[in-house]
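Student: I have a model open and would like to go through it step by step. Could you help me read it?

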Amino acid sequence: MDPQAVSAASQAVVHTGFALFLDKLYYFIMVPLVYISVIVMIVGIVAKIVSIVRAPIPAFSLKTYPAKKRPFLAALGDTFGMPMIRKEKPLFWFFLMMFHIGIFFLFFGHLDLFPGVNLMPPESRHMIGAGAVGLSVTIPTFYFLFRRFKGQERHISVPSDYLLLLLLLFIFLLGDMISWGNSWTANGFVMTKADFKNYFGILKSFSFVDPRTVLHGSHYHFVVLHVFLAELFMMILPFTKIVHTFFSLPLNLLRRR
Amino acid sequence: MEAATQEALKKLFESKLNKAMRLYLDTCAHCGLCVEACHVYQAMPETKYTPVGRAEVVRKLFKRYFKMQGKIAPWLGEVIELDDKSVNMAYEAAFSCTGCRRCVTVCPFGIDTQQVMNIAKLLLIGAEKQPQILAMLSDMSIAKGETWKETANDYIAALNNLAPEVEALAPTPPGRPAIPIDVENANVLYVGLSGKHSIVPAAAILNAASENWTISHFEAVNFAAWLGDGEKQRLIAKRIIMEAERLKVKEVAVVECGTATRVLKFMTGSHPFRIVSIVELIARYIEQGRIKVKPGTISGTLTYHDPCQLGRNGGVMEEPRYIIGKLTDKFVELTPNKEANWCCGGGGGLISLGEHEFRMKTGKVKVDQMRASKADTICTACENCHTQLTELNEHYGLGMKVESLTNLVAHALTGFGA
Ligand code: HEM
Ligand code: SF4
Ligand code: SF4
């Protein structure tokens with residue numbers, strides 16, 4: 001069966017009442033809120049960085065010894081290699097590495113969805129990693145979450161720690177579903193990478209077209225939910241401990257020079 | 001707590017929010033890596049004795065008063081209010097932390113719990129809940145900076161009485177007193193403590209090196225650093241800095257006291273003179289052949305405890321080992337050592353505060369290390385560590401000898417007249 005035919009049929013139904021409300025909500029999430037959340041994230045981060053840059057510098061060096069010959073390189077090593085974690089908790093380190101490298105690839109995977117950007121061959125039906133990247137962030141997130149239910153990790157965790165991880169978990173699981181689930185259906189990829197490229201094209205062109213015109217398929221709800229949770233994540237990012245993305249290096253510089 | 005006090009405490013809190021503090025308070029991932037790094041937690045595995053648990057007291061106040069999150073959804077970060085209860089929590093957090101900074105080396109972001117605890121300590125001062133002993137000792141040190149001339153003659157007489165003890169260890173260079181004082185243009189200003197054990201051995205070493213030196217009128221110790229009172233800390237250190245300026249010395253050598261060395265060396269700005277630990281000076285004298293030590297004066301095996309403020313936080317780690325290498329070939333390391341060394345449990349002013357029971361409990365990790373080393377003697381280069389190690393040795397019946405490095409050197413001096 002031609003998948004296009006199915007979705008075209010479902011589109012033909014005229015929505016009223018709650019369904020109409022959902023259509024409007026979905027549109028809001030899929031288009032305007034994307035812009036809003038990106039703006040909130042950028043403004044929030046800039047404001048945070050400015051507040052720190054404007055704070056007085058500490059009166060004396062906070063470094064620990066032995067002093068490193070190249071403090072900047074040492075701080076880079078601390079930031080991206082996390083040598084102390086590798087030494088103290090190798091399993092935790094393994095998952096952290098897997099997770100953060102995964103995040104890195106996820107970023108590029110999404111970037112690849114913009115029209116004109118072709119990090120993967122344009123004819124490829126997959127995002128970078130073909131689903132493996134999704135797993136590489138999902139599995140560690142389970143680990144991060146579960147470890148907070150026992151021992152001291154439980155006592156030092158606050159509600160926001162769990163909520164953040166749950167948020168990530170849902171984003172990732174939905175992402176996994178979107179990228180993998182499609183290929184399991186009888187009719188194969190219902191929303192292909194090319195479709196998502198069209199959606200990103202709408203975003204890029206600021207045309208404010210309803211993404212439903214390019215994203216056919218009955219699991220659109222999951223796409224919307226994935227996008228919504230990701231927007232939530234972006235909007236809270238500057239106000240949570242995820243600011244470590246930006247502050248890890250400056251912090252490690254503090255102890256190295 | 002009255003609203004006015006609360007306001008005043010908030011202002012104090014804000015005054016501490018420099019770049020580093022903001023980063024420390026914003027960034028902790030609650031990863032828990034620092035938990036096992038703290039010797040206090042090792043001995044008493046309670047959340048309030050973890051580095052992150054301590055910092056959380058301050059962080060939760062930060063969220064409550066300085067972050068949007070704490071105002072919109074306080075439950076997200078389990079924020080706390082500035083009240084008598086949180087002030088008590090701040091006390092327990094701050095004065096159970098020795099400021100050893102072992103946790104700093106383990107945290108993936110290098111979050112400095114000692115610094116964060118300085119906010120807690122400032123709040124305690126604002127709420128008038130600071131430890132009175134440290135406050136009193138700080139004030140006495142500051143007063144001494146103003147009245148030292150009045151007591152100078154008594155001090156000089158007491159120093160003169162020590163001459164025979166100094167000369168029993170090393171001859172005095174001709175034409176000089178055994179313990180010179182107020183010598184202008186001296187090469188070295190030595191800053192000791194109040195007990196003669198902090199003066200006699202150092203004087204003998206300086207004399208053996210034929211150094212042109214002079215002794216300070218003041219004690220090196222800085223009680224305000226433990227109290228967490230930045231202004232008083234500055235005033236106490238300033239007495240010594242002014243003395244060095246007045247005498248136009250080339251170098252200030254600080255007695256075996258980790259905190260005093262760190263404060264003077266790193267927290268007083270730049271000066272026309274150098275500031276070193278006496279340990280660095282001794283190592284230099286040996287290296288330059290200005291003093292000679294004979295090996296074999298120490299019976300059995302010797303180990304060395306790195307004082308946190310001198311080693312991890314001050315960078316003096318190789319010098320003591322170099323000196324020890326000249327004293328004995330039966331040296332064994334504690335494991336771990338140097339930057340990873342465990343705090344003895346005597347830092348942060350806990351010795352001055354008494355706290356015997358707490359210190360004996362939290363010194364447990366150190367005791368295990370000492371036992372495992374099977375050494376006959378343990379030496380160190382910090383007055384506080386020395387006191388704590390001595391008490392641990394007695395309390396746990398280790399049967400070791402506890403020594404100061406300077407004292408070991410002074411008793412091994414030989415081949416005079418460089
Ligand atoms: C710049 C280098 C980075 C370093 C050194 C770093 C370091 C860390 C560390 C040590 C943890 C462990 C915390 C924990 O167990 O909770 C962590 C967790 C985490 N990081 Fe990063 N990170 C970096 C960049 C990023 C980036 C770019 C992101 C994505 C936006 C990110 C998102 C996260 C998340 C979501 C967690 C899990 C939090 C949790 O377990 O509760 N990090 N990171
Ligand atoms: S500085 Fe030392 S005593 Fe204080 S929390 Fe860190 S490890 Fe524990
Ligand atoms: S190791 Fe650092 S980031 Fe992790 S809980 Fe401790 S202070 Fe926070």
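This is a predicted model: local features need pLDDT of at least 70, side-chain atom pairs count only at pLDDT 80 or more; totals for chains, interfaces and linings use all residues.

Student: Fine. How many helices and strands does chain B have?

Tutor: The secondary structure of chain B comes to 20 helices and 9 strands. Its radius of gyration is 22 Å, close to the 22 Å that the globule rule gives for 418 residues, so chain B is as compact as a globular protein of that length.

Student: And what does the C-alpha trace of chain B span along its principal axes?

Tutor: The C-alpha trace of chain B spans about 75 × 50 × 30 Å.

Student: What share of the residues of chain B is buried?

Tutor: Of its 418 residues, 61% count as buried. Chain B exposes about 15,600 Å², and carbon and sulfur atoms supply 53% of that area.

Student: Now a helix. What does H9 of chain B span between its end C-alpha atoms?

Tutor: Helix H9 (residues 132–161) of chain B spans only 34 Å, whereas a straight helix of 30 residues would span 44 Å.

Student: Where is the kink in H9(B) centred?

Tutor: The kink is centred on B:Trp148 and amounts to about 75°. B:Trp148 is also one of the buried residues of this helix.

Student: Which other residues of H9(B) are buried?

Tutor: Among them are B:Leu134, B:Ala135, B:Ile142 and B:Leu159. The buried residues of H9(B) pack against helix H10 (163–169), strand S2 (213–215), helix H12 (223–227) and helix H13 (230–247) of chain B.

Student: Switching topic: how many salt bridges does the structure hold?

Tutor: There are 30 salt bridges over all chains.

Student: Which salt bridge links distant parts of the chain?

Tutor: B:Glu318 and B:Lys338 form a salt bridge whose closest N and O atoms are 3.1 Å apart. This pair links distant parts of the chain, with B:Glu318 in helix H16 (residues 318–327) and B:Lys338 in the loop between H16 and helix H17 (356–362), 20 residues apart. B:Lys338 is partly exposed, with a relative accessible area of 22%.

Student: Which residues are linked with A:Lys48 in a network?

Tutor: A:Lys48, B:Asp26 and B:Lys67 are linked in a network of salt bridges.

Student: Last topic, the backbone. Where are there cis peptide bonds?

Tutor: One is the bond from A:Tyr65 to A:Pro66, with omega near 0°. A:Pro66 sits in the loop between helix H3 (32–54) and helix H4 (71–81) of chain A. Another joins B:Thr335 and B:Pro336, with omega about -10°. B:Pro336 lies in the loop between H16 and H17 of chain B.

Student: Why point those out?

Tutor: Most peptide bonds are trans, and most residues other than glycine have a negative phi.

Student: Which residues have a positive phi without being glycine?

Tutor: One of them is A:Phe208, with phi near 55°. This residue lies in the loop between helix H10 (193–205) and helix H11 (220–236) of chain A, and at 41% relative accessibility A:Phe208 counts as partly exposed. B:Lys248 also has a positive phi, of about 55°. B:Lys248 is in the loop between H13 and strand S3 (251–254) of chain B.

Technical notes. Residues are numbered from 1 along each chain as its sequence is written. Chains are lettered from A and ligands numbered from 1 in the order in which they are written. Side-chain values use heavy atoms; hydrogens and water are left out. A salt bridge is a side-chain nitrogen of Lys or Arg within 4 Å of a carboxyl oxygen of Asp or Glu. Helices (H or I, at least four residues) and strands (E, at least two) are DSSP runs, numbered from the N terminus. Buried means under 20% relative accessible area, exposed over 50%, partly exposed in between (1.4 Å probe, protein chains only). The expected span of a helix is 1.5 Å times one less than its number of residues. The bend at a residue is the angle between axes fitted to the seven residues ending there and the seven starting there. Contact means heavy atoms within 4.5 Å. The radius of gyration is taken over C-alpha atoms; the globule rule is 2.2 Å times the number of residues to the power 0.38. Accessible areas come from the Shrake-Rupley method with a 1.4 Å probe; for residues, only the protein chains shown count as cover.
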